[in-house]
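Reader: I would like a close look at one part of this model, the place where the two chains meet. Please take me through it in plain terms, and then through the sheet.

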Number of protein chains: 2
Amino acid sequence: MIVLSAPSGAGKTTIFRAILEKDPQISYSVSETTRPCRNGEVNGKDYFFVTPEHFQHHIETGYFAEWAIVHHHYYGTPRQYIQQQLDQGFDVLLDIDVQGARQIRQVYPEGVFIFIVPPSIQVLEERLRARKTDTEAAIRHRIEMATEELSHIDDYQYLVINDQLPQAIAETHAIIQAERCRRTRSLFSIQDLLPVS
Amino acid sequence: MIVLSAPSGAGKTTIFRAILEKDPQISYSVSETTRPCRNGEVNGKDYFFVTPEHFQHHIETGYFAEWAIVHHHYYGTPRQYIQQQLDQGFDVLLDIDVQGARQIRQVYPEGVFIFIVPPSIQVLEERLRARKTDTEAAIRHRIEMATEELSHIDDYQYLVINDQLPQAIAETHAIIQAERCRRTRSLFSIQDLLPVS
C-alpha cells in the first residue's frame with residue numbers, strides 16, 4: 001500500500017501517472033468524488049463522478065477504506081477493490097489527502113506514506129494559475145489549504161520535493177522499489193538459499 | 001552512511017562499483033587489509049595492502065571505525081576519512097562484512113544497512129568457481145562462511161537478491177535514493193516553503 005499526498009498544484013497527479021506507466025506491478029484505485037468532472041477527465045478512469053446522495057449512501061454502508069472532504073467536495077476510496085489488488089500481489093498506489101491518509105494508516109499501518117511538496121508556496125501559486133481550472137477565490141483557498149496540509153508532513157515517512165519533475169518521479173519510484181527490498185517485507189527466506197538436503 | 005554486506009561471490013563488489021559510477025554524491029572508503037593483493041587490484045585504490053604488524057598498530061591506536069577478521073585476513077575502515085566525507089555532505093558507502101557492520105551500527109545507528117544475497121548457495125558456489133581466485137579448500141570455507149553470514153540477515157534493513165545484476169544494481173541504488181527522501185533525514189523545512197513575510 002503506497003500513499004501519495006500533496007497540496008494541489010504540487011504535481012502529484014503527474015507523478016502518479018508516470019509511476020503507473022513505469023511499473024506494471026503497481027495498481028491504482030479509482031476514487032469516487034462529488035466534485036465536477038474537469039476538462040479531459042474521464043468518468044471511471046480518473047474518478048467515478050457521483051452525486052452527494054450516492055456518496056452519502058456509500059459512507060453509510062462502509063463502502064470506503066477512507067473518505068474525506070477536500071475543497072468542499074467528497075472523495076472516497078472503495079475498500080473492496082484495493083483489498084483485491086493487494087491480495088493479488090499488486091502494490092496499490094493511492095492519491096489521497098492528509099485526512100484520507102490518516103484513515104489508511106489505521107487500516108494499513110505497514111503502508112508507505114509519501115508527501116510531495118512544491119519547492120515553495122510561490123511556485124505552487126504559479127502552477128495553480130497555469131492550470132487555469134480555478135477561480136481566483138479557489139486559488140486563494142487552495143493555498144490556504146496547502147499551508148494547512150504541509151503541517152501534516154510529520155505523518156509521512158518520505159518527502160519528495162517536486163522541483164524538477166523527472167527527478168521527483170525517479171525519487172518516488174525509487175522509494176517504492178526500495179520498500180520492496182525491506183527485509184521485513186521480503187518473502188525471501190534463508191531456507192530458500194540452502195541446498196536441499 | 002550506507003553499508004553493503006554479502007557473502008563473497010554474491011556480487012557485492014560489482015554492485016558497489018556500479019553504484020559509485022552512477023552516483024557522484026556517494027563517496028567510498030578504501031579499507032586496509034592484510035590479505036594478499038589479487039590480480040588486477042591496485043594498492044591504495046581497492047585496498048591499502050598492509051602487513052599484520054602495521055594493522056595491529058592501527059587497531060591499538062583506534063585508527064579504525066570497524067575492523068574484522070574475514071577468511072583469515074584482517075580488514076579495517078579508517079575512521080577519520082569516512083567522518084570527513086560525511087561532514088562534507090557525501091554519502092559514504094562501505095563494503096564490509098557482518099562483524100564490521102555491527103560495529104558501524106553502533107557508531108552510526110542512522111546508517112542504511114543492505115545485505116546482498118545470491119539467489120541460492122548453488123549459484124554462489126558456481127560464481128566462486130568462475131572467479132578462479134580460490135583453491136577448492138578456500139571455496140569450501142567461503143561457502144561455510146556464507147551460510148554463517150546469512151544468519152545475520154536480520155541485522156539489515158534491506159535485502160537485495162542478486163539474481164540479475166542490472167536489477168540488483170538498480171534496487172541498491174533505489175534504496176540509497178529513497179533513504180535520502182526520508183522525512184527524518186530531509187533538510188527540508190516547512191519554513192522554506194512559506195513566503196517571506
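Author: A helix axis here is a line fitted to C-alpha atoms over the stretch in contact, and an angle between two axes runs from 0 to 180 degrees between N-to-C directions. The model is a predicted one. With that in hand, take helix 7 (residues 165-180) of chain A and helix 7 of chain B: their axes come within 8 Å and cross at roughly 115°. Angles of 65 to 115 degrees count as roughly perpendicular, and helix 7 of chain A and helix 7 of chain B are therefore roughly perpendicular to each other. The crossing in which helix 7 of chain A passes helix 7 of chain B is left-handed.

The residues that meet there can be named. From helix 7 of chain A they are Glu171(A), Ala174(A), Ile175(A), Gln177(A) and Ala178(A), and they meet Glu171(B), Ala174(B), Ile175(B), Gln177(B) and Ala178(B) in helix 7 of chain B. By type, the residues of this helix-to-helix contact divide into 6 nonpolar, 2 polar and 2 charged.

This crossing belongs to the contact between the chains, which takes 27 residues from chain A and 27 residues from chain B. On the side of chain B that touches chain A, at least two residues each come from helix 5 (121-131), helix 6 (136-150), strand 9 (158-161), helix 7 (165-180) and helix 8 (190-193) of chain B. Helix 7 of chain B gives the most to that side, with 5 residues. The residues of the side of chain B that touches chain A comprise 18 nonpolar, 6 polar and 3 charged.

Now the sheet. In chain A, 4 strands form an open sheet with mixed pairing, in the order 4-3-6-5. Its edge strands, each pairing on one side only, are strand 4 (47-49) and strand 5 (64-70) of chain A. On average, and with direction ignored, neighbouring strands of this sheet are turned by 25° against each other. Strand 5 of chain A runs antiparallel to strand 6 (residues 73-78) of chain A, and 6 bridges join them. Glu66(A), for one, has Thr77(A) in strand 6 of chain A as its bridge partner.

Two helices pack on the sheet. Helix 3 of chain A touches strand 5 and strand 6 of chain A, and its direction makes about 35° with that of strand 6 of chain A. Helix 4 (residues 98-107) of chain A also touches strand 5 and strand 6 of chain A, with its direction at about 160° to that of strand 5 of chain A.

How values were computed:
Residues numbered from 1 in each chain as written. Chains lettered and ligands numbered in written order. Predicted model: local features only at pLDDT ≥ 70, side-chain atom pairs only at ≥ 80, totals over all residues. Contact = placed C-beta atoms within 7 Å. Nonpolar A, V, L, I, M, F, W, Y, C, P; charged D, E, K, R; others polar. Pairing = 2+ DSSP bridges. Parallel < 35°, antiparallel > 145°, perpendicular 65-115°, else oblique. Left-handed = near helix turned anticlockwise from the far one by under 90°.
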